[in-house]
Amino acid sequence: MTGNELRESFLKFFESKGHKILPSASLIPVNDPSILWTPAGMVPFKPYFTGAAKPEFHRVTTCQKCLRTPDIEVVGRTARHHTFFEMLGNFSFGDYFKESAIPWAWEYVTGVLGLPVENLWVTIYLDDDEAFEIWHKVVGVPKERIVRLGKDTNFWEIGVGPCGPCSEIYVDLGPSRGCASPDCSVGCDCDRYLEIWNLVFIQYFKDEEGNYSPLAKKGIDTGFGLERVASVLQGVPSNFDTDLLREIMDFTAELFDMAYGKDDKIDIAFKVIADHARAITFAITDGALPSNEGRGYVIRRLLRRAVRFGRLLGIHENFLHQVVEAVIRQMGKAYPELVERQAHVLRVIRTEEDRFSETLAQGTEILNRLIEEAKAVGRTVISGEDAFKLYDTYGFPLELTQEMAGEQGFTVDTEAFTVAMEQQRRRARSARQETDYISEHDAVFKELREELGETNFTGYESMADKAIVLAIIRDGQRVKTAAAGEEIEFILDVTPCYAESGGQASDQGRLTGYDMEVEINEVVKPVENLFVHRGKVINGSLKENQQVEVLVDSKRRMATCRNHSATHLLHKALKEVLGGHVNQAGSLVEPERLRFDFTHYTAVAPEELQKVEDIVNQTVLSNLPVATNEYTVAEAKALGATALFGEKYGERVRVVKMGDFSMELCGGTHLHSTAEVGLFKLVGESSVGAGLRRVEAVTGEGALHYVNDKEEQLAAVAGLVKAAPNELVHRVENLVHTLKQLENESEALQAKLARYQVQDLLSCTREIKGIKVLAAQTAAPDIDSLRGMVDLLRDRLGSGVIVLGNIMGDRVSLVVAVTKDLLNSGLHAGKLIKEIASVVGGSGGGRPDMAQAGGKDPARLAEALEKAYKVAEQQIK
């Protein structure tokens, strides 16, 4: 059975058991800042298990793409470790429990896959007698084949929240795959007993004190590793030998003109490249981009690690984008988004490969310098600290450093490297904080939603409504009343106030009642469909069950709507001008401005930005109607609505349509007509990461204020240069021309002055061991002038050493030059300047013939220059 067939077989089996097949969620978790990646099949369903959201389907089955990096260093060296993998699973949200999950798992493994019963083992949690009874009496597994294990392996929990015992199915792969230990059994670290399915029985809730209480609605969460089970069915020794990865490795072998299976070094490289290529392909498809922080850093590290393993095999040309094409060919049928975004993925990877080639060149130069410095003092070992810096900063693997150093007879202090690596890991671990499944604060609102129900949001239709106060929270505690001056959170049965979501800022407003007023500063949704208002009691007192009127700040709402509707127009205009690869990567919609992040590979040219702005303003002037309707996801996509890739949508979605120009899935608030945007003005464009750009804009009153500010600045500049605004460009051009002439005259005078100074400086020349050495302080105004004076002195001396210094404010600049004919005499400008720079509290370096440095102690410049003569004498052989 192929990997694709196994994936389809699993999903179809559970579909026959009444499960809804859902597509894999994005690798980038939606609304879950606690994790960088989706590491397991249950992650997209976390809100259903916690009760923060209500599921549309109570039985679900998925094949979830997952990414984990804790074991990155052992990928390729073991049979099972991956960064990217697929996790099949079946889930129950308050529907069936152990009585169905266990028999179905056994039915699929033995009846559908046909795995021999005599090769299967089962584990359960120590005191889970209920699971034991089902496995033994219902399924018929012999008692001796059911192993009870402890909490470290067979109980699932993560901080505060739902948790429960686990039961696992193992396959015995035979003694030949074992460790030969007489104690080898299920749970051994060797490869004999392979876990293929983990059934988690979510039946308890763990509170902040560590107490476990039974859940009223129990759940099932299972994980069935696609690659692992494929290796068993295909009878191969590792996940990498399954068709899921072997086809990618075979392509790499052909590309490199090397064979798989004959050399461990080559095999490990092929496995790392295949694994990492899959990870970066899916991650970039889902919206991640290489960068120096967060998930972007993970992508950059994986990509560069794959390239480095190619370098270790002698492949110096860019190759990874070709391997990624093989990944897309292999996985594109199951994940069509790979094909849809192929051009974008390949462009990002090519750009990053080019960038890494430059980085490798830098690292190579640094390593060569370290080797030269070590040779100069008679050392033959590269320190572990230096090797780790090359690894951590420049992406050099230890193996590459060892190989390059070994070519010149050097070794690397691997023990010190390991110490430095472990210190970094400890820092990372200490910086990492355990994230609760659901925070204590949010747990309060989960309970309140179960008690009070969901909030009825009426803000699409109106900006004022009558409501009843259902709950008041002060300092995390529920109270019956709140007095003037107190800052509170409160829940209403009905609200017209929009809660912050989808990048749109929340409404602000007022709550009024009999002799009472509350200022609403923010509205949030800590759990799904429960609107929590935050504000301050201005006068009177607010009471539970009180009837009130809610008033949205209409001016603020209107400004926000202008910016949100303009964001949709901007998105479409960017696609028209820059190309279809443009996709939203983030947005912020506030009353004052809008910010839009999107995928693009170069800075947007001024003329392109002008085209975008013109298109938006033309669409505004066209007075297109803005209509909103609800559809199923399938209906919306069939209509051509733009969905944000990786965003989580329910079965029914809200579609915002602006004439025939734009149609997007969106839950925000909008105008009734594009004309209400008023004026649209782009105010900034910048980079926010590799392949990621950001534009900022203002609309309506914000745009008018922006234009007025620019006109005021223009008038101020016109006043300074004594010209009318319409003559300003011509006047500034004349001033720039005059300034250039004056600069040229100044440079000519400086050069003439330098020639006079050179004559004086030559008097400082001393002859040391037959070589002319000149060290002196000059009045050069900047470092360029200082270097120019060095050139003049070198021409006049013909042969010799020149050391010049100058003082600019509280800083010292130094330049050293050694004429070419003296480079075999032992003189080295870079080494000389390093010693004298330390005198003035600075550092520097450079080539044997030219070097420069800076310092922060001007008072010791004369001392440093005098030392130059001594250092030169020591260097001359």
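This is a predicted model: local features need pLDDT of at least 70, side-chain atom pairs count only at pLDDT 80 or more; totals for chains, interfaces and linings use all residues.
A salt bridge here is a side-chain nitrogen of Lys or Arg within 4 Å of a carboxyl oxygen of Asp or Glu.

Lys480 and Glu544 make another salt bridge, with their closest N and O atoms 3.3 Å apart. Here the link spans 64 residues, from the loop between strands 14 and 15 to the loop between strands 21 and 22. Lys480 is exposed, with 61% relative accessible area, whereas Glu544 counts as buried at 14%. Arg694 and Asp597 also meet, at 2.6 Å; since Arg694 lies in strand 29 and Asp597 in strand 24, the pair ties together parts 97 residues apart. Asp597 is buried, at 9%. Shared partners also join Glu451, Arg478, Lys480 and Glu544 into one salt-bridge network.

Turning to the sheet, six strands line up in the order 30-31-32-33-35-34, forming an open, mixed arrangement. Strands 30 (765-768) and 34 (843-846) are its edges, and the twist averages 15 degrees from one strand to the next. Strands 30 and 31 run antiparallel, joined by four bridges; Arg766 has Val773 of strand 31 as its bridge partner. Helix 24 (residues 861-875) packs on this sheet, touching strands 30, 31, 32 and 33, with its direction at about 170 degrees to that of strand 31. Helix 22 (residues 783-797) lies across strands 30, 31, 32, 33 and 35, at about 155 degrees to strand 32.

Technical notes:
Residues are numbered from 1 along each chain as its sequence is written. Side-chain values use heavy atoms; hydrogens and water are left out. Two strands pair if DSSP finds at least two bridges between them. Helices (H or I, at least four residues) and strands (E, at least two) are DSSP runs, numbered from the N terminus. Axes are lines fitted to C-alpha atoms, for helices over the stretch in contact, and angles run from 0 to 180 degrees between N-to-C directions. Contact means heavy atoms within 4.5 Å. Buried means under 20% relative accessible area, exposed over 50%, partly exposed in between (1.4 Å probe, protein chains only).
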